[in-house]
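Reader: Please present the structure, and then let us discuss how its parts meet.

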Amino acid sequence: MNIIEVRDLKKYFYKKSGLLYKLFGLGPQIIQAVSQVSFNIEKGNTMALVGESGCGKTTVARLVLKLIEKEAGQIYFKGKALDEMTEEEFRDYRENAAFIAQDFRSSLNPRKLVGEILAEPFRIHPGVIDKSKEEERIKEIVNLVGLNEEALLKFPHEFSGGQARRIGVARALMLNPEFIVCDEPTSGLDLSISAAIINLMRDLKKEFDLTYLWISHNLNVVRYISDFVGVMYLGRIIEIGETQDVFNNPSHPYSEALIESVPSFSRQKKKVQRKTLEGEVPSPIDPPPGCPFHPRCKYSQAKCKEVIPELKTRNSERLVACHFPL
Amino acid sequence: MDNKILAVNKLKIIYKKRKQRFLALDCINLDLEKGEVLGVVGESGSGKSTLGLSIMRLLPPQARIKNGEIFFKGKNICQIKESKFNKEMRGKEITYIPQNPQNSLNPVFKVGRQLKDIIRYRAKENFKGKDIDQAAVEIMTKMGIADAEKRLDEYPHQFSGGMKQRVLLSMAFVTNPTLLIADEPTTALDVTVEAQILGLLADLIKEYRSSIIYITHDLGVVSEIADRVAVFYAGRAIEINDRYNIFNNPKHPYTEALIRCLPGESQDEKLTVIPGEIPDLSDLPSGCNFHPRCKYAKEKCKKEKPGLFELENGGQTACFYHEEVGRYA
C-alpha cells in the first residue's frame with residue numbers, strides 16, 4: 001500500500017523584482033525549485049532524497065506536508081489527494097504525518113519547557129489521546145528516545161545538540177504518526193551522536209512500523225538507512241530506485257559522479273585520488289536548456305542540449321532521466 | 001639536516017570564562033616534517049581548532065597558553081614579538097584556510113584588491129619584476145577559477161561557496177608557505193565541490209611541498225588526504241600514527257569506536273555508539289578523559305592520567321591498555 005504518492009509536483013518561488021526590473025516592465029524572476037517530481041512510498045519503507053544544496057529536496061519535504069502550497073501536481077495520502085480532503089480528513093493527515101525539522105535548535109521554542117513543547121501536539125489535535133493519559137504518554141516517549149524525565153522541566157538551551165535532536169524526534173512521535181518526514185536529521189551532529197540518532201530512528205521504525213521520507217545530503221547515511229533513494233538535481237529527480245542497486249550501479253551520470261565524490265573511508269596504503277565532477281550547480285533561475293545536467297556531464301551529446309530527458313523505466317525498479325543512461 | 005618544520009611541546013591552553021576554567025588543550029606533543037600532511041580529527045570541542053589558532057597566534061583574548069612551546073623551524077613562536085611575527089610569519093610562512101569561506105572575505109572590497117594586498121605585503125619577493133595584477137590572475141587561474149581577470153573585479157557575494165574557497169586557497173598559497181593550517185576547509189561545501197577542492201589541494205601539496213595541518217571531523221576526508229593522523233579527544237591528542245595504521249589497527253579505544261560509528265555499506269549491522277557524551281572541559285573526569293565512555297576501562301584508568309605510549313609501528317597512544325584494543329573486534 002502506498003502511504004504517500006507524489007505526482008508531477010511543481011513549485012516555483014518568485015524572487016521579488018527590484019526597482020530596475022519594474023521600471024523596465026519585467027516581471028518577477030521565477031525560481032524553479034521543484035519540477036516534475038513523482039515518487040511513491042510504500043508502508044514501512046524509507047525513501048531518501050539526496051542531492052546537493054539547492055536541488056529542492058527540502059522543498060519537496062515541505063510540499064509533501066503541505067507546509068507550503070504547490071504550483072501544480074498532486075499528493076496522495078493513502079490514495080486520497082490532499083487537495084480533495086475535507087478539513088477533518090486533512091487534520092487526520094497532519095496527525096499522521098510528522099516532521100523532524102532540519103534546524104533542531106530553532107525548531108524548539110526557547111521560552112517553553114520541554115514538557116510544554118512536547119504537550120503541544122495534544123493542544124493542536126485534541127482528542128487523539130485521552131487528557132488523563134497525556135502525561136503518561138509524554139513520559140513514555142521521552143524514555144523511548146533516550147532522555148530522562150527530568151528533561152521535561154528544562155529549557156531547550158540546556159541540552160546538547162544530540163539531545164535537542166531527540167526532543168525533536170519525541171515531539172514527532174507524540175501523536176503516534178504513520179509517516180515521518182526527516183529533514184537532515186543528522187546534519188550538524190558529531191559522528192558518534194549521529195550514529196546514536198540513526199540507530200534510534202531505525203529502532204523506532206521497527207517498533208511503530210513507521211514510514212520515513214528521509215532528506216539528506218550525506219550519502220553514507222542514506223545508503224545505510226534507506227530502502228529506496230531518489231537523486232535530485234536542480235529540482236528534478238534524475239534517478240530513483242532501490243538504494244543498494246542505485247549505489248552499486250548508478251545509471252545516471254550525475255548519480256555516478258555524486259557517489260564517486262563522497263569521501264569514502266579508505267583503509268588503503270596508497271592515497272587515492274578520485275575523479276571529480278567539474279563545474280557547479282547552475283542557477284535555478286536560469287537553468288540550462290535540455291538536460292539540466294548536460295553542462296557538467298562528460299557523456300553529454302547534442303541531443304542533451306535540446307531535449308529534457310523524461311524519467312523513464314530502465315529496469316524493473318529503476319527510473320532514470322537520461323537520454324544515454326550508463 | 002633537520003626536516004622538522006613544526007614541533008609542539010607539552011602545549012596546554014586554558015580558556016577563562018566567567019571565572020570558569022576550560023582546559024582546551026592539555027599536553028599536546030606533535031611534530032611535522034616538510035611536505036607532510038597531518039590530519040587532526042576529533043569531535044566538536046576536542047580542541048582541534050584551538051591548536052590551529054595557537055600556531056597562528058590568533059587565540060582569543062580569554063585563552064592563555066599555560067605551558068609548553070611551539071617551535072616553527074626551530075624558533076619558539078610564543079616568544080617572538082607580535083610585530084615581528086605578523087610581518088615575517090603570519091600569512092606568509094604560516095597561512096590559514098578558515099572553515100567558513102562565506103565570512104572570511106571582506107564583503108565591501110573587491111576580491112582582486114584583497115588578493116593583491118596579500119601579494120603586495122606578503123609575497124612580493126615571489127613575484128619579483130612581475131606585475132601584481134598579472135600575479136593575481138596567475139594564481140587564481142591555477143586554483144581553477146576561470147576567467148580570472150574578470151573575476152578579480154567582482155565582489156565576494158558574486159562568488160559561490162566553492163569559488164570563495166578557491167580564492168582563499170589562492171591567498172594561502174600565493175606566499176608559498178612553509179606551513180598551511182586548513183581548518184575544516186570543505187565542511188560548508190557540497191560533496192561534488194568538496195571533492196574538487198580536495199583534488200586541487202592534493203595537487204597543490206605536490207607542487208608547493210608545504211606542510212599541512214588539516215583539521216576536520218570527517219574521517220573519510222582524512223583517510224584520503226593525510227599522511228599522518230592525530231585523533232583529538234577532550235583537549236588531548238589520544239592517538240597519533242600514520243594513516244594506514246590508524247585506520248587499520250587503531251590502538252586507542254576512542255579511535256576504534258569512532259571508526260565503527262561510520263555507516264558502512266551493509267544495512268544489517270547496527271552502528272556502534274559511544275555511550276555518554278563528550279565531557280565538560282571545565283569539569284574533566286579524573287584519570288583518563290575517556291574512561292567513563294570506554295569499554296576497556298579498568299580501575300587504573302579512573303585514577304591515573306595515561307601518558308603517551310610509543311607503539312611498535314611508530315605511533316603513539318594515550319591508553320594504558322592499548323594492547324587490548326581491537327581484541328573484541
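This is a predicted model: local features need pLDDT of at least 70, side-chain atom pairs count only at pLDDT 80 or more; totals for chains, interfaces and linings use all residues.

Reader: Which element gives the most to the side of domain 1 of chain B that touches domain 2 of chain B?

Author: The contact involves 19 residues from domain 1 of chain B and 15 residues from domain 2 of chain B. On the domain 1 side, at least two residues each come from strand E2 (20–33) and from H8 of chain B. By class, that side holds nine nonpolar, seven polar and three charged residues. With 11 residues, the element that gives the most is E2(B).

Reader: Which element supplies the largest share of the side of chain B that touches chain A?

Author: Here 36 residues of chain B are in contact with 32 residues of chain A. Two or more residues on the chain B side come from each of helix H7 (191–208), helix H8 (219–225), helix H9 (243–248) and helix H10 (253–260) of chain B. The largest share is eight residues, and the helix that supplies it is H7(B).

Reader: How many charged residues does the side of chain B that touches chain A have?

Author: Sorted by class, this side has 16 nonpolar and 12 polar residues. The number of charged residues there is eight.

Conventions
Residues are numbered from 1 along each chain as its sequence is written. Chains are lettered from A and ligands numbered from 1 in the order in which they are written. Two residues are in contact if their C-beta atoms, placed from the backbone, lie within 7 Å. Helices (H or I, at least four residues) and strands (E, at least two) are DSSP runs, numbered from the N terminus. Ala, Val, Leu, Ile, Met, Phe, Trp, Tyr, Cys and Pro count as nonpolar, Asp, Glu, Lys and Arg as charged, and the others, Gly among them, as polar.
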